[in-house]
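Hello,

Here is the structure I promised to pass on. Please have it open while you read the notes below it.

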Amino acid sequence: MSKKIVVSGGLGFIGSHVVVELQNEGYEVIIIDNLSNSSKEVLKGITEITGIEPVFEEFDLRDKIYVSDFFKKHSAIEGVIHFAASKAVGESVQLPLLYYENNLASLIYLLQELEQLPTANFIFSSSCTVYGQADELPITEAAPTKTAESPYGNTKQIGEEIIRDTAKVSKKLNAIALRYFNPIGAHESSKIGELPIGTPQNLVPFITQTGIGIREQLSVFGDDYPTQDGTCIRDYIHVVDLAKAHVAALKRLIEKNNSESYEVFNIGTGKGSSVLEVIHAFEEVSGQKLNYKIVDRREGDITAAYADTTKANQVLGWKSQYTLKDALLSAWNWEKKIRS
Ligand code: WQD
């Protein structure tokens with residue numbers, strides 16, 4: 001009998017890649033998604049890749065009654081992986097209440113239901129945003145969290161604290177927060193990938209849209225940072241590597257190998273790349289020059305962030321396998337596929 005795993009936000013960019021890896025490992029997946037930032041087309045892509053159509057229930061996790069009914073309907077749930085959240089940093093500054101309600105009420109209602117289950121294994125989608133500009137690089141999990149630069153980042157910090165405080169007293173909850181660095185790329189099949197709505201805020205989708213001609217020119221937000229080439233440094237991790245980290249974390253909880261009821265892991269490659277390095281790597285994998293210009297810095301950007309992944313490597317037994325170029329090529333292939 002396959003172990004049943006609930007994936008909230010499972011039709012999103014990262015969630016859909018995690019669903020594929022869970023199915024590859026023999027788990028039975030139930031997706032919850034309100035389709036606010038995804039489409040049912042993604043379900044088709046997942047099914048084409050794995051040959052197994054996940055159960056999909058469309059509802060909003062802010063609907064407390066619906067959440068409760070869902071868990072009454074589905075028995076023997078072995079774990080919940082929680083992606084469903086609003087995640088646009090800039091938008092969160094303009095719409096703080098929407099972000100606090102959507103990202104935190106959903107989390108609270110989920111955790112309240114988990115308390116009713118025989119076992120409550122919970123994986124939380126967190127972010128390196130919680131570190132702000134870390135004092136030391138690479139960043140370890142012991143690095144202090146900094147005052148969030150945006151309501152989005154604050155919801156990740158508060159979310160971690162809610163889970164930590166609940167796990168401390170709960171007899172049921174065992175939780176892992178995965179602090180993602182910068183997820184990029186797409187599944188090698190090009191059947192699922194990132195589907196930014198409107199103008200992409202993130203670097204790599206903007207690059208691939210510029211490469212394919214949807215965007216005229218990439219603006220590089222500042223080249224006067226204290227880095228080798230003056231542009232910001234980030235840890236860009238292939239979304240499939242990131243997805244596999246979720247399976248490793250879930251196994252740790254299901255097999256009761258966790259040493260505490262709440263654990264945190266940085267999930268990155270451990271390597272930093274500057275914006276210009278990403279641009280040049282893209283030009284190499286795409287075989288074409290990218291049209292870009294240097295403009296002023298973007299408000300709120302930090303200079304550099306890349307992960308110390310020792311804990312995930314040693315404790316989870318997980319390590320990223322793909323290179324930056326692998327990830328950029330997969331992103332480029334995906335862009336070409338969806339525009340064909
Ligand atoms: C990367 C670098 C930009 C766009 C954010 C969130 C983080 C996570 C990932 C959700 C920066 C530069 C970007 C562009 C540019 N999201 N850039 N021109 O800001 O590191 O992280 O997305 O969890 O929480 O904070 O990612 O891709 O926006 O930017 O020069 O058009 O690319 O200045 O240095 P970021 P990003």
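**The second largest pocket**

Let me start with the second largest pocket, which has 14 lining residues, and Glu41, Val42, Lys191, Trp334 and Ile338 are the ones nearest its centre. A pocket here is an open set of points on a 1 Å grid over the protein atoms alone, with protein on both sides within 12 Å along at least five of seven lines, and lining residues have an atom within 4 Å of a point. This is a predicted model, in which local features need pLDDT of at least 70 and side-chain atom pairs count only at pLDDT 80 or more, while totals for chains, interfaces and linings use all residues. Residues are numbered from 1 along each chain as its sequence is written, and side-chain values use heavy atoms, with hydrogens and water left out.

The pocket holds about 220 Å³ of space, a volume being the space filled by probe spheres set on grid points joined across faces, edges and corners. Helix α2 (41–50) gives the most to this lining, with five residues, and α11 (324–339) supplies at least two. Helices (H or I, at least four residues) and strands (E, at least two) are DSSP runs, numbered from the N terminus.

**Around the ligand**

The ligand has 18 residues around it, and Thr129, Tyr152, Leu203, Arg234 and Asp301 come nearest; to be counted, a residue needs a heavy atom within 4 Å of the ligand. Strand β8 (residues 218–221) is the largest contributor to this shell, with four residues.

Some polar contacts (pairs of N or O atoms within 3.5 Å) may interest you:

- The side chain of Tyr152 has an N or O atom 2.4 Å from a ligand oxygen.
- For Asn202, a polar side-chain atom is 2.9 Å from an oxygen atom of the ligand.
- Leu203 uses a polar backbone atom, 2.8 Å from a ligand oxygen.

The protein buries 88% of the 680 Å² that the ligand exposes when taken alone (Shrake-Rupley method, 1.4 Å probe).

**Two cavities**

The structure also holds two cavities of 30 Å³ or more; in a cavity, a 1.4 Å probe fits but cannot get out. The largest has a volume of about 80 Å³, and α11 provides the largest share of its lining, five residues. Trp334 and Ile338 are among the residues lining this cavity, and both also lie nearest the centre of the second largest pocket, along with Glu41, Val42 and Lys191.

The second largest cavity has about 60 Å³ of space, and its lining includes His82, Phe124 and Lys156.

Best wishes

Conventions:
Polar contact = N/O pair within 3.5 Å; in protein donor to acceptor, adjacent residues only side chain to side chain.
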